[in-house]
Amino acid sequence: MRRSNTRPIGEVLSEYIDAFRLKGKLAEVALLHSWEEVVGGNIASRTKDLKISNQVLYVKIESSILRQELMMIRSEVVKRLNEKAGSEVIKEIVLF
């Protein structure tokens, strides 16, 4: 016998995400996981720490040369990361 109040799990999860306002945080996690794919393995291997706060991505870079190169292309990296996340998750990248 099937219950009449059953619903698809996707619908229930969507309601849960909306109720607890988790959509933004889930987008941030997706963005952080796509870092290596967007910038490449070479750059990602020299990255120590990634953190998002108030739509700013903070990235700790080991190499000053690499940091300087990323400074020149950071607007493109922001654009590609947001495209990968599916929404505007970050507005700026701070390299330190």
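**Salt bridges and the core**

Tutor: In this predicted model, lysine 25 and glutamate 28 form a salt bridge, with their closest N and O atoms 3.4 Å apart.

Student: Where do lysine 25 and glutamate 28 lie?

Tutor: Both are in helix 2, three residues apart, which is about one turn of the helix.

Student: Is lysine 25 buried or exposed?

Tutor: Lysine 25 is exposed, at 52% relative accessible area.

Student: And glutamate 28, buried or exposed?

Tutor: Glutamate 28 counts as buried, because its relative accessibility is 18% and the cut-off for buried is under 20%.

Student: How many salt bridges does the structure hold?

Tutor: Four. Arginine 7 takes part in one with glutamate 15, at 2.9 Å between the closest N and O atoms. Arginine 7 also meets glutamate 11, at 3.4 Å from N to O.

Student: How exposed is arginine 7?

Tutor: Partly, with a relative accessible area of 42%. Glutamate 15 is partly exposed too, at 41%, and so is glutamate 11, at 37%.

Student: New topic. Which residues touch the most other members of the largest nonpolar core?

Tutor: Trp35, Leu57, Leu81, Ile90 and Ile93, out of 20 residues in that core.

Student: Which helix gives the most to this core?

Tutor: Helix 5, with five residues. Other elements supply at least two residues each, including helix 2 and strand 3.

Student: What is tryptophan 35 in contact with, leaving aside neighbours within four places in sequence?

Tutor: Gly40, Ala44, Thr47, Leu50, Leu57, Val59, Val77 and Leu81.

Terms used:
Residues numbered from 1 in each chain as written. Predicted model: local features only at pLDDT ≥ 70, side-chain atom pairs only at ≥ 80, totals over all residues. Heavy atoms only, no water. Core = buried A, V, L, I, M, F, W, Y, C linked by side-chain atoms within 4.5 Å. Buried < 20%, exposed > 50% of the residue type's maximum accessible area, 1.4 Å probe, protein only. Helix = DSSP H or I, 4+ residues; strand = E, 2+ residues; numbered from the N terminus. Contact = heavy atoms within 4.5 Å. Salt bridge = Lys/Arg side-chain N within 4 Å of Asp/Glu carboxyl O.
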